[in-house]
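Colleague: I would like to learn how to read the ligand sites in a model. Please take it step by step.

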Amino acid sequence: MSGIIITCALTGSIHTPSMSPHLPINGADIARQGIEAARAGASILHLHARDPLSGRPSAALEHFNGFVPALAQETDAVLNLSTGGSAVMSLDERLAAPLAIAPEMASLNMGTMNFALYPMLGKDRDWLHDWEKPFLENTNDLVFKNTPRDIACILSKLGQERGARFEFECYDLSHLYMLRHFADRGLVQPPYFIQFVFGVLGGMGPDPENLSHMVRIADKLFGGDYLFSVLAAGRFQMPLITMAAAMGGHVRVGLEDSLTIARGQLARSNAEQVVKIREIVERLGRVVMTPDQLRATLGLKGAGGINA
Ligand code: KMH
Ligand code: ZN
């Protein structure tokens with residue numbers, strides 16, 4: 001089996017500040033945790049921004065500029081900017097920072113879907129900020145819009161015009177067929193780096209059978225032209241990504257996807273999750289891919305090509 005890619009998604013837009021004191025919110029904390037995660041073996045850092053005062057998900061360039069330059073200077077990790085942002089943002093808002101920064105990689109969500117976070121309200125909490133509870137409640141009527149026109153726009157502006165390659169976020173079998181459609185139109189080029197996303201309410205559940213089936217259908221649609229990685233939300237994170245590693249796939253960790261390091265125990269940092277999965281995959285006989293091996297594997301433009 002070839003090397004394994006560890007992606008670390010540092011903060012995301014799903015969890016809110018009251019859920020963990022370790023979730024990085026301001027630019028300095030996102031930068032520090034990203035540097036630690038890269039040193040621990042993450043070759044891709046998947047990036048979202050937050051407003052440093054409220055902790056609210058943000059797509060503002062000024063907030064990305066709070067950590068992107070430090071990550072570019074202090075690590076050789078591949079910086080992967082989210083184009084999903086948060087489901088409450090417009091596409092223009094979501095694209096502002098990636099268009100300005102022109103990263104080596106960007107996420108690309110392959111379908112419109114529900115993105116229901118309100119089950120996280122089930123736990124009693126002391127809320128630090130007024131926005132958190134309504135933000136979660138309103139996800140019972142929230143559409144995460146990623147139409148074919150949106151996808152084509154991102155491919156053209158970030159891919160063709162700025163040389164980015166993509167982490168194709170597939171939350172369902174249907175999203176693989178959407179990727180195949182764009183391949184048939186000649187708008188995406190192999191090798192495709194496909195992130196199978198499990199456990200978001202609105203996408204597929206974290207059942208091992210779903211992972212086997214996603215691989216089966218991806219093999220059929222893309223043959224040898226793709227790599228798959230897995231992320232799973234919440235407590236399914238480590239079990240499902242371990243299964244992916246055993247199957248020859250790649251893995252994503254990070255506090256965007258899960259706040260814990262073990263059942264009921266908060267992770268103290270992103271790096272703690274990187275260290276844990278690294279130990280697991282090395283015990284499985286996999287070797288962690290360096291950022292430069294990853295650049296060669298995916299045909300990335302190189303860190304020199306980004307505006308940071
Ligand atoms: N938050 C994850 C479920 C994106 O940033 O574009 C998927 C994700 C989407 O990372
Ligand atoms: Zn993300």
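Modeller: Start with a term: a polar contact is a pair of N or O atoms within 3.5 Å. Here an oxygen atom of ligand 1 is 2.8 Å from an N or O atom in the Asn109 side chain. For the side chain of Ser107, the distance from an N or O atom to an oxygen atom of ligand 1 is 2.6 Å. This is a predicted model, and side-chain atom pairs count only at pLDDT 80 or more. Residues are numbered from 1 along each chain as its sequence is written.

Colleague: Which residues come nearest to ligand 1?

Modeller: A residue is near a molecule if one of its heavy atoms lies within 4 Å of it. Of the 13 residues around ligand 1, the nearest are His48, Ser82, Ser107, Asn109 and Glu256.

Colleague: And which protein donors does the zinc ion (ligand 2) have?

Modeller: Donors are N, O and S atoms within 2.8 Å of the metal (3.2 Å for Na, K and Ca); water is not among the atoms, so sites may look incomplete. For the zinc ion, they are His46 (NE2), His48 (NE2) and Glu256 (OE), 2.1 Å away. Their spacing along the chain is H-x1-H-x207-E. Glu256 also has a polar side-chain atom 2.7 Å from a nitrogen atom of ligand 1.

Colleague: Are His46 and His48 buried or exposed?

Modeller: Buried means under 20% relative accessible area, exposed over 50%, partly exposed in between (1.4 Å probe, protein chains only). Both histidines, His46 and His48, are buried.

Key: Chains are lettered from A and ligands numbered from 1 in the order in which they are written. This is a predicted model: local features need pLDDT of at least 70, side-chain atom pairs count only at pLDDT 80 or more; totals for chains, interfaces and linings use all residues. Side-chain values use heavy atoms; hydrogens and water are left out. A polar contact is a pair of N or O atoms within 3.5 Å; within protein, one must be able to donate a hydrogen and the other to accept it, and residues adjacent in sequence count only if both atoms are side-chain atoms.
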